[in-house]
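Student: I have a model open and would like to work through it with you. Can we take it question by question?

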Amino acid sequence: MLPAYHKLPCVPILTTDDVLCCHVPCLNIFSVFSQLRAQNQVLKKAVVDEQANSASLKEQLKQRDQSLRKQEQEMDSLSFRNQQLAKRVELLQEELAASEAKGKKGKTKGDSPSQHGLQTQSVFDEDLQKKIEENERLHIQFYEADEKHRRQEAELRARLEELEKDSEQHQGVVDGLTTKYMETIERLQGDKARLEVKAQTLEREAKECRMRTEECQQQLRRCQSELNRQVKQSSSVIQEKVPFNDTKFSDYNSLNVPPHNRRHQLKARDVAGQALSFLQDLVAALLNFHSYTEQRVHIYPLDSSIEPISPLNQKFSQYLHENAAFVRPLEDSFLQLHQSITEDTVTVLETVVKLKSFADNFSSYTHFLQKILPYQLKSLEEECEATLCTAALTAKNQELQSDMKRVTSVFEKLQNYINLLALPSMLSFDSLCLKTLTSAVFTQLAACLHSLHDAIKEMSKHYNQKASLEQELPTVTQKLCTTTECLLGSLGSLTNSTGKPRPQSVPYREALSNRRILTSSTESREGLTQQVQQSQEKIARLEQEKEHWLLEAQLGKVRLEKENQRIADLEAQLAAALGGSPNSQTAAASTLSAQSHEEVGDEESREQLIKTHYMARVGELTTQLQISDSKAVHFHSECRALAKRLAIAEKSRETLSEEVKLANQNITRLQDELATTKRSYEDQLSMMSDHLCSMNETLSKQREEIDTLKLGSKGNAKKNKSR
């Protein structure tokens, strides 16, 4: 039976065009992968067939060995039989010699045998001689056949060992080439995937650059249109509504006539709307907080449905039940204030009359908080006096007492500052004093709002901790848990609503870091340029390696085809040798000569393949170079546009920084003027107070003198009458 490695199928290997598909869509990747998987299956099947054929060859060799041993055993038995026959012949020859000797003795004695006995003896002698000759001839033929069989067996064994070695070598070469090709294909697929990802990244970046450019253009157009609109609006305002400025009589300019500014009105209405939204959230949170606090008073530490609560908590619950009468007017009065601010009115502190009603309502709510504060503190003390109250729970109740005091104190401060803001609508103030007062009040008001947020945040944190401790008590009920959760939710809403007016500030370190990043943009651009150059060099190096391995794959394919052809020729030679063909040597010689001619042709085909491959790659690289040049020109133009925008931004930043410096200088100058004016007013007030005191003293003296003169004149008149 012939070896089975000549049945290896011709596995289709990927060509250069199939492997060089680094810029095709992802669909080609799946087709290449399916082809490679099919090739892998065919190779696996070929290896399994080769293993099966090798096993069959081993079985045939085993059968040959068994038949050889059987023939050796037969030859041994024939040799033993031949030895026995030889001994028998020797014995017969001895008996014949003895009988002849006896015959001779008989003749000497006169006892001659009969003629018939001599003829019989001669017949036996001839027959024996023939048997001996035939035995010798058969022995010679057997020996020659045995020698020929041994020689043929030795030749076949040597030939079989040689063919097995060749088969193992060819199988190793096939496995090595298969592994090498698979590794090369996987590496090329990885390179292809990376290049595709990079190409997609570059396309995405280019798309983002285009989108940013379009957005910048749109912003520029919007800015231009907005500036044009503002110029037209300002021109119309200047033409239609010029502020009061009498150039002939300058005394009239000192009149307190506030100018009308529509933009200021819109901004004021917007600010009032935001404040109304915050206040509505605050009012809703306060209503929920007071309502759930009232429910909790009826549940803990004593449940009113089971036993009556203490008189203190009853009074506290009654006051809490009236919270809507103090909280709702805050929203209603501020809503009226917001509605009073329109585009046609002049909104300043002197004209906002509705602010006084809001201040009164806020004062009422502050008095309500002051009224319920002692009951809140006493209620927490009753919770601490309960039998199941732990030390940790007592500490949390004490912290809540301090938090409630702090919240009430902050509301009192807010009340004072809101009342100060409402004063200009009832009293007349000097413009400079009013401006100073307003600035200081708003600053302190913002600080109080921040303090309110911090206080409520601390109270919410302590209430959460207290709730977690109460959950561990054995007497806690589901009703209490639900009420506590609602109370915590209202505290969270209250924290969020008080935290809304606080703006998010940028930390100083982060601002410095942003400034350093902005100032080092040029260095960053140079670093990015170096990174791009390094990436391009790496891409070029990877492309060269890819070209090298593609060429190696093509050459490996050619070598594999030649190895398959050589294996087929060897199998044909083996078949001719096993078949005993007399022309096997001539066929082998012709095969060797044909192989030598094929090797020469392989060198030529290899050179032609390399030339074709490099020509194709040169064409592809030329196309890619043209595309890259066009992209580079496009990106260069975009970079120039971005550089111009950056220069404009730098100029605008410098201009704004100069304006900020001027504004800071003006602020410093105004603060100095304010301090000087304040000192002068204080001196004037002290002088006026001293003058008033002296005038009062003078008036009192004059009145006393007038009284004495009146009394003297009355006395003189009486004397005259008596005379």
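Student: Which residues does histidine 338 touch, not counting residues up to four places away in sequence?
Tutor: This is a predicted model. Histidine 338 sits in helix 6, residues 324-340. Leaving out residues up to four places away in sequence, histidine 338 touches Arg269, Ala272, Gly273 and Leu276.

Student: Is histidine 338 buried or exposed?
Tutor: The cut-off for buried is under 20% relative accessible area. Histidine 338 has 14% relative accessibility, so it counts as buried.

Student: How many helices and strands does the chain have?
Tutor: Read along the sequence, the pattern is α-α-α-α-α-α-α-α-α-α-α-α-α. The count is 13 helices and zero strands.

Student: What share of the contacts with a separation of 6 or more joins residues 24 or more positions apart?
Tutor: The chain has 723 residues, and 24% of them count as buried. Among contacts with a separation of 6 or more, the share from residues 24 or more positions apart is 87%.

Student: Where does helix 7 bend?
Tutor: Helix 7 has 31 residues. From first C-alpha to last, helix 7 reaches 45 Å, close to the 45 Å expected at 1.5 Å a residue. Proline 374 follows the bend within four residues. The bend is about 35°, at isoleucine 372.

Student: Is glutamine 376 buried or exposed?
Tutor: Glutamine 376 lies in helix 7, residues 354-384. Leaving aside neighbours within four places in sequence, glutamine 376 is in contact with Phe316 and Met404. Its relative accessibility is 9%, so glutamine 376 counts as buried.

Student: What is the volume of the second largest cavity?
Tutor: The whole structure holds five cavities of 30 Å³ or more. The second largest cavity has a volume of about 150 Å³.

Student: Which residues that line the second largest cavity are closest to its centre?
Tutor: The second largest cavity is lined by 15 residues. Closest to its centre are Phe289, His290, Leu369, Gln376 and Val407.

Student: Which element gives the largest share of the lining of the second largest cavity?
Tutor: Elements giving two or more residues to this lining are helix 4 (262-297), helix 7, helix 8 (391-422) and helix 9 (431-470). The largest share is five residues, and it comes from helix 7.

Student: How many residues in the lining of the second largest cavity are nonpolar, polar and charged?
Tutor: Take the charged group to start: the lining has none. The polar residues number three. The nonpolar residues number 12.

Methods: Residues are numbered from 1 along each chain as its sequence is written. This is a predicted model: local features need pLDDT of at least 70, side-chain atom pairs count only at pLDDT 80 or more; totals for chains, interfaces and linings use all residues. Side-chain values use heavy atoms; hydrogens and water are left out. Buried means under 20% relative accessible area, exposed over 50%, partly exposed in between (1.4 Å probe, protein chains only). Contact means heavy atoms within 4.5 Å. The expected span of a helix is 1.5 Å times one less than its number of residues. The bend at a residue is the angle between axes fitted to the seven residues ending there and the seven starting there. On a 1 Å grid over the protein atoms alone, a cavity is a set of points where a 1.4 Å probe fits but cannot get out, and a pocket is an open set with protein on both sides within 12 Å along at least five of seven lines; lining residues have an atom within 4 Å of a point. Grid points are joined across faces, edges and corners, and a volume is the space filled by probe spheres set on the points. Ala, Val, Leu, Ile, Met, Phe, Trp, Tyr, Cys and Pro count as nonpolar, Asp, Glu, Lys and Arg as charged, and the others, Gly among them, as polar.
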